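Hi,

Here is the structure I promised to pass on to you. Have a look at it first, and then read on for my notes below.

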Amino acid sequence: MRVVIDTNVLVSALLSPHGAPAGVVALAVAGQLQLCADGRLWSEYVDVLARPRFAFDPGAVAAVLDCLHAQAVFVAASPWPDTLPHPADAMLLEIAAAANAVAVITGNTAHLPEHARRGILVQTPSEFLAAWRARQADA
């Protein structure tokens, strides 16, 4: 199942290893989700997770990123046609569209308003995990 994971989900997962964001990242690391990205998003992951204010263990960050990178699908995305409250977040929708991802998983759904999504599913980590568990129960 292809997904786009916003950087804020990775940050939250590393800050709180027992929350919903950590559950999403654990599924991706385990290969149950396939991360979709492009060079912009990957650079953002690397840059943000290295910020001193988070004080993340560089080894832990490298391990997570290595696992994600090994299984990731990298795409060439086209510009998003709609204006968003935070234009930099358009890359998430661009990647999802290019990769035919089932969802964008983000802690900031308001940054990707419904009217600009063009049918792409945008979910919080909790929403995504609830849907994931329901699909697993039905299988």
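Just after α5, N100 takes a positive phi of about 55°. Please keep in mind that this is a predicted model.

Helix α5 spans residues 90-99 and is mostly covered, with eight of its 10 residues buried. Those buried residues are A90, M91, L92, L93, E94, I95, A96 and A99. What lies over them? The cover for the buried residues of α5 includes the strands β1 (2-5), β2 (34-37), β4 (103-105) and β5 (122-123), along with helix α3 (39-49).

**A charged residue among the buried ones**

Which residue does E94 pair with? E94 forms a salt bridge with R40, and the closest N and O atoms are 2.8 Å apart. This pair links distant parts of the chain, since E94 sits in helix α5 and R40 in helix α3, 54 residues apart.

R40 also forms a salt bridge with D38, where the closest N and O atoms are 2.6 Å apart.

Another pair is E114 with R117, which form a salt bridge with the closest N and O atoms 3.2 Å apart. Here E114 counts as exposed at 63% relative accessibility, while R117 is buried with a relative accessible area of 12%. Salt bridges that share partners join D38, R40 and E94 into one network. The count of salt bridges comes to four.

**How α1 meets α2**

Now to the helix pair α1 and α2. Helix α1 (residues 7-15) packs against helix α2 (residues 20-29) at an angle of about 105°, and their axes are 7 Å apart. An angle from 65 to 115 degrees counts as roughly perpendicular, and therefore α1 and α2 are roughly perpendicular to each other. On the α1 side the contact is made by V9, L10, S12 and A13, and on the α2 side by P21, A22, V24 and V25. What classes of residue make up this contact? By class, the contact of α1 with α2 has seven nonpolar residues, one polar residue and no charged ones.

**L65 in helix α4**

One more residue to look at is L65, which lies in helix α4 (residues 58-71). Is L65 buried or exposed? With a relative accessibility of 9%, L65 counts as buried. Leaving aside residues up to four places away in sequence, L65 touches W42, Y45, V46 and L49. As for Y45, it is 20 residues from L65 in sequence, and the two are 8.3 Å apart in space, C-alpha to C-alpha.

That is what I have for now.

Best wishes

Terms used:
Residues are numbered from 1 along each chain as its sequence is written. This is a predicted model: local features need pLDDT of at least 70, side-chain atom pairs count only at pLDDT 80 or more; totals for chains, interfaces and linings use all residues. Side-chain values use heavy atoms; hydrogens and water are left out. Buried means under 20% relative accessible area, exposed over 50%, partly exposed in between (1.4 Å probe, protein chains only). Helices (H or I, at least four residues) and strands (E, at least two) are DSSP runs, numbered from the N terminus. Contact means heavy atoms within 4.5 Å. Axes are lines fitted to C-alpha atoms, for helices over the stretch in contact, and angles run from 0 to 180 degrees between N-to-C directions. Angles under 35 degrees count as roughly parallel, over 145 as roughly antiparallel, 65 to 115 as roughly perpendicular and the rest as oblique. Ala, Val, Leu, Ile, Met, Phe, Trp, Tyr, Cys and Pro count as nonpolar, Asp, Glu, Lys and Arg as charged, and the others, Gly among them, as polar. A salt bridge is a side-chain nitrogen of Lys or Arg within 4 Å of a carboxyl oxygen of Asp or Glu.
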